[in-house]
Number of protein chains: 2
Amino acid sequence: MAESAAPTAVKALIFDIFGTVVDWRSSLIEDFTTWSATRGVEGDWAGLVDAWRQAYVPSMDAVRRNPARGFIILDDLHRRSVEKLVAEFGIEGLTDDDLRYMTEGWHRLKPWPDVVAGLTRLKTNYIISPLSNGNVGLLTRMAKNAGLPWDLILGGDVFGHYKPDPETYLGAARLLNLPPEQVMMVAAHNNDLGAAQKLGLKTAFVPRVAEYGPLQKHDLEATGDWDIVAADFGGIADRLGC
Amino acid sequence: MAESAAPTAVKALIFDIFGTVVDWRSSLIEDFTTWSATRGVEGDWAGLVDAWRQAYVPSMDAVRRNPARGFIILDDLHRRSVEKLVAEFGIEGLTDDDLRYMTEGWHRLKPWPDVVAGLTRLKTNYIISPLSNGNVGLLTRMAKNAGLPWDLILGGDVFGHYKPDPETYLGAARLLNLPPEQVMMVAAHNNDLGAAQKLGLKTAFVPRVAEYGPLQKHDLEATGDWDIVAADFGGIADRLGC
């Protein structure tokens, strides 16, 4: 790491959420398994959750390719995807309220074990915010449910763009009134950090090797020249002297 | 209050900041008096602060009337105004750093005594956010300095508009994924509440009779049909059952 890239100049940390901060896969499978038993519905919840996440990037890419059609928030993309998937998975008897409950499962995701303690340390010296493709309402409710101590909330709908569009990373720096090099993107995904680094932001990687379940094949380790690579959020706080 | 307007349906409270949450006048006068003694500069700080606040609405109105020129954040409007005012008040010897210190005085404002306890109670049952003409960076730094426990931060630069433009009130409801009637605007200023009410938001008034100093003549009491009128933020929490 070059001296000029020293993370001591960093004033704010912005965090990817799904996978980096919260464990969407285990949270949703557990949530739907418990809920469906009470609700009297049966389904392959692990299969559905994995397919739902696979629909995530294509659903956002469709919005990114067609800006003239207007921005569609992630809650609505999640709802459209799950409506198709419950049919594909042959899950029957779901009401509108059930589909809303499932879609709002993304508001109830649980953080990885190191997250709340790590964020609490980082918050003492830095501004901390999500920079997520989630919408502000989703991220706000998730934070209240999970006790995530953000200073502010930045989601895709603030910018009318999804990552990796530059408007998101640069928009975060602009709203924080900081030059990009004083903002550090934290993610478990090398491609997210690559997009941020290209625009001048600092970068921190944490591996989340179980994000996609036991068969995960990508993002098992840092593959770029990131400013910080740490085992977890506590390790980032150590590196930043918090 | 009509039954249909019962504030029990409210899910989020959004707060005016300058005057409602923080005591800008006493904070700035005290800050500059202490600082100027150390700095070896003399000035009529009460006069300058009052004149600075008088420049506030006209400076935003100039932005509101000329949207084609682009949005200018409040930090920059504050800076432009204070540059003129130090000259008018004959305050000499100020450096660029001094003017930055003064402009950032708006990041160091102190809350009224009831605010932190009241917000902490309200946060247990409601989403709480500023809806301020301050920029996000200003409001974030103010919150960290003053210990304001916001769930998220909404400032004029999120919308590219200043209150009372409808884009601010309706934009807050949109980002919170709530219909306007589930959002309550809290302010010490009747005109702010009037603009919010016209767009379907709920309203809560708290008097801050010393905001403009001993000679304050307006907003000494509620002059509209607001959903809640309370003595302070604790009184709002009482009314909302927190």
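Begin by selecting R79(A) and D96(A), which form a salt bridge with the closest N and O atoms 2.6 Å apart. A salt bridge here is a side-chain nitrogen of Lys or Arg within 4 Å of a carboxyl oxygen of Asp or Glu. R79(A) belongs to helix α4 (residues 74-88) of chain A and D96(A) to helix α5 (residues 96-103) of chain A, so the pair ties together parts that are 17 residues apart in sequence. Helices (H or I, at least four residues) and strands (E, at least two) are DSSP runs, numbered from the N terminus. Over all chains, the count by this rule comes to 32 salt bridges. Side chains of opposite charge can pair when their charged atoms come close.

The structure is a predicted model, in which local features need pLDDT of at least 70 and side-chain atom pairs count only at pLDDT 80 or more, while totals for chains, interfaces and linings use all residues. Residues are numbered from 1 along each chain as its sequence is written, chains are lettered from A and ligands numbered from 1 in the order in which they are written, and side-chain values use heavy atoms, with hydrogens and water left out.

**The sheet of chain A**

Next, display the strands of chain A. They include an open sheet of six strands in the order β3-β2-β1-β4-β5-β6, with parallel pairing. Two strands pair if DSSP finds at least two bridges between them. At the edges stand β3 (154-155) and β6 (228-229) of chain A, each with a single partner strand, so one side of each is left without a neighbour in the sheet.

Select β4 (residues 183-187) and β5 (residues 202-205) of chain A: four bridges pair these strands in the parallel sense. Within this pair, A187(A) has F205(A) in β5(A) as its bridge partner. Contact means heavy atoms within 4.5 Å.

**Two local features of the backbone**

Move to K163(A) and P164(A), which are joined by a cis peptide bond with omega of about 10 degrees. P164(A) is found in the loop between α8 and α9 of chain A. Now select D219(A), which has a positive phi of about 60 degrees although it is not a glycine. D219(A) is placed in the loop between β5 and β6 of chain A. Most residues other than glycine have a negative phi, and most peptide bonds are trans.

**Chain B**

Turn to chain B, where an open sheet of six strands has the order β3-β2-β1-β4-β5-β6 with parallel pairing. Select β1 (residues 12-15) and β2 (residues 127-132) of chain B, which run parallel and are joined by four bridges. I14(B) has S129(B) in β2(B) as its bridge partner. A cis peptide bond is also present in chain B, between K163(B) and P164(B), with omega of about 10 degrees. P164(B) lies in the loop between α8 (156-159) and α9 of chain B.

**Where the chains meet**

Show both chains together. A rotation of 180 degrees with 0.0 Å of shift along its axis superposes chain A on chain B (RMSD 0.0 Å); copies are superposed by least squares on the C-alpha atoms of residues with pLDDT of at least 70 in both. The two copies are thus related as by a two-fold rotation axis. To locate the axis, select L152(A): its C-alpha is the nearest to the axis in chain A, 2.1 Å from it.

The contact takes 23 residues from chain A and 23 residues from chain B. Between them the chains bury about 1,700 Å², 52% of it on carbon and sulfur atoms; buried area is the accessible area (1.4 Å probe) that two parts lose on being put together, summed over both.

Finally, select D151(A) and K144(B), which form a salt bridge with the closest N and O atoms 2.6 Å apart. The count between chain A and chain B is two salt bridges. On the side of chain A that touches chain B, α7 (136-146), α8 (156-159) and α9 (166-175) of chain A each supply at least two residues. The largest share of that side, six residues, comes from α7(A).
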